[in-house]
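Here's a quick tour of the inside of this protein. Have the sequence and the model open side by side while you read.

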Amino acid sequence: MGYHGSMTMSPQKLRWAALVVALWLSACSSPPSTPVGSAAQPSKTPRQLVFEGGSIDISTAGGNCRVTLHGDIQNAAVRQMGLAFDTVEQSACRSKTLVLDNGSGWLGDAITLGAMSRNRSYDTEVKAGGTCYTPCLLVFAAGQNRVLPEAPMPARVGFSQIPPDQDFGQRQCKTELTQGQHLTLTRYLKAMLPSSTATAVYQKLLAATCDHTDAYGPAEALAMGLATSTR
């Protein structure tokens, strides 16, 4: 095979070519410079997903993957959480934690989100200083390890009235569940928690009304078996 055309270069073009090659070799052999006084940026940076009424923060720095949910647990939050979990799966995580920074929501969406996090082997944690009411509590219960921090401010779980919606109860001070709703809730709790803990949680949820909400701090939740750690 032959190449048809002239390969002759003028002395000036040869000098320019030599300069370009020299610069290219220098760039390849030298590490990227870091501006004086600035630190190298981490390869894993936090990301955020937004939905109406809240947001989800994603951090995978150092292999400690944390997904933080801000806002009520509802359908839009569950959809975005699916994207957040998919994002985390692309990273080499040594640990995976779902942090809950919310108060309420809907039970059907909470059960869906809890199942999603358990299927992906997440730990759960309530944000320090926050109170995790019944829908949030159901997601918290799905963690392989369940952390209720004591510092800098204690977190709490609140056994609030089961919120009435099209799947769970009517709008009244005490929620009345149908037989099917009882079955769904008991099966979920027993799948997520030790049997005795599941029964105790279930009884407290049924006892809650619009004007009576029990709240447990780290020590009480740990003694009940709902929390596994209070760090």
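Leucine 226 is in contact (heavy atoms within 4.5 Å) with Leu137, Phe140, Ala141, Arg146, Val157, Phe159, Leu193, Thr197, Val201 and Ala221, leaving aside its neighbours within four places in sequence. Keep in mind that this is a predicted model, where local features need pLDDT of at least 70 and side-chain atom pairs count only at pLDDT 80 or more, while totals for chains, interfaces and linings use all residues. Residues are numbered from 1 along each chain as its sequence is written, and side-chain values use heavy atoms, with hydrogens and water left out.

**The core**
- Leu138 and Leu226 touch the most other members of the largest nonpolar core, which has 50 residues. Such a core is a set of buried Ala, Val, Leu, Ile, Met, Phe, Trp, Tyr and Cys residues joined through side-chain atoms within 4.5 Å.
- Helix α2 (residues 75-89) gives the most to this core, with 7 residues; helices here are DSSP runs (H or I, at least four residues).

**Glycine 225**
- Glycine 225 sits in the segment after α7 (218-224).
- Glycine 225 has a relative accessible area of 18%, so it counts as buried (under 20%, with a 1.4 Å probe and protein chains only).
- Not counting residues up to four places away in sequence, glycine 225 touches Arg146 and Thr197.

**α2 against α3**
- The axes (lines fitted to C-alpha atoms over the stretch in contact, with angles from 0 to 180 degrees between N-to-C directions) of α2 and helix α3 (residues 107-119) come within 9 Å and cross at roughly 10 degrees.
- α2 and α3 are therefore roughly parallel to each other, the label for angles under 35 degrees.

Notes:
Helix = DSSP H or I, 4+ residues; strand = E, 2+ residues; numbered from the N terminus. Parallel < 35°, antiparallel > 145°, perpendicular 65-115°, else oblique.
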